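The sequence and structure are shown first.

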Amino acid sequence: MQKLELRYEGKAKKIFATDKPGILWVEFKDDATAFNGQKKGTIDNKGRYNNLISATIFKMLSDLGVENHFVELISDTEMLVKGVEIIPVELVVRNITAGSLCRRLGIKEGIRLETPLVEFYYKNDELGDPLITEDHIRVLNIAAPEEVVYLREEALKINSILIEYFRKLGIDLVDYKLEFGKTPEGKILLADEISPDTCRLWDKSTGDKLDKDRFRLDMGKVEEAYQEILRRVRG
């Protein structure tokens, strides 16, 4: 398969066309950003870690009936995916309080929620990906009401799987972001990535943060955290 022209470059990935219809070539980058792009840097080997971690988790989810865009690994930093049009609604699922939720509501970090909290964010870099409601989604006309219901149900289904998956690896799944896309036929698939860039992951025993918060908060040992997650997911 041939890698063709660059279709899109985001904060963490480049997307290329291929000579196979419906298939895209994803290249993961070492670039890191935080706080809506106000903080920028590089994490050594982040592209490799996120590519391999995402591939492992996408394959696991597919085996458990969660349809997603992953096709196959091409290299340590590249994968093939099904081409989808990303729905501009990011879903954040929270199991333990952390990050913007604490800042917004004035609550302490580390409180375990009785039931998962699902939030919607408008995927728009210029606006800083604002928190939105289902009514906002209707006004913006970026997803149909029945699609929003499906996205929420799918996010909670994925949450149940991932909580148990990470628990067996000695990790608390604190919160994470999901993105979905539509195939040309209109089918909705889980897309983007599932990695320490998009998840908050805390060691169950020590409470150590094993995710991008180490970069956001200048905690040091950033690469080591990503490396540790890869080691655990690959067994």
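What radius of gyration does the protein chain have, and how does that compare with a compact globule of 235 residues?

## Overall dimensions

The model is predicted. The protein chain has a radius of gyration of 17 Å, which agrees with a compact globule, because for 235 residues such a globule would have a value near 18 Å. Along its principal axes the C-alpha trace spans about 50 × 40 × 35 Å.

The secondary structure of the protein chain consists of six helices and 14 strands.

## Domains and their interface

The domain assignment divides the protein chain into domain 1, residues 3-82, and domain 2, residues 85-221. A distance of 17 Å separates the C-alpha centres of domain 1 and domain 2. In the contact between them, domain 1 takes part with 29 residues and domain 2 with 25.

The size of an interface is often given as the accessible area lost when the parts come together. Between domain 1 and domain 2 the buried area is about 2300 Å², and carbon and sulfur atoms give 62% of this area. Of the area that domain 1 buries against domain 2, 21% is supplied by Lys39, Ile57 and Glu67, more than by any other three residues.

## Polar and charged contacts between the domains

Six salt bridges are found across the interface of domain 1 and domain 2. Glu67, one of the three residues that supply 21% of the area buried by domain 1, forms a salt bridge with Lys187, and the closest N and O atoms of this pair are 3.1 Å apart. Between domain 1 and domain 2 there are 16 residue pairs in polar contact, counting pairs with both residues at pLDDT 80 or more.

On the side of domain 1 that touches domain 2, the elements giving two or more residues are β4 (31-34), β5 (39-42) and α1 (46-63). The largest share, nine residues, comes from α1. By class, this side of domain 1 has 13 nonpolar, nine polar and seven charged residues.

## Salt bridges in the whole model

The count of salt bridges comes to 31. One of the pairs is Arg138 with Asp135, where the closest N and O atoms are 3.8 Å apart. Both Arg138 and Asp135 belong to helix α3 (residues 134-140), and their spacing of three residues is about one turn of the helix.

Methods:
Residues numbered from 1 in each chain as written. Predicted model: local features only at pLDDT ≥ 70, side-chain atom pairs only at ≥ 80, totals over all residues. Heavy atoms only, no water. Domains from an automatic or database assignment. Contact = heavy atoms within 4.5 Å. Buried area = accessible area lost by both parts, 1.4 Å probe. Salt bridge = Lys/Arg side-chain N within 4 Å of Asp/Glu carboxyl O. Polar contact = N/O pair within 3.5 Å; in protein donor to acceptor, adjacent residues only side chain to side chain. Helix = DSSP H or I, 4+ residues; strand = E, 2+ residues; numbered from the N terminus. Nonpolar A, V, L, I, M, F, W, Y, C, P; charged D, E, K, R; others polar. Rg over C-alpha atoms; globule rule 2.2 N^0.38 Å.
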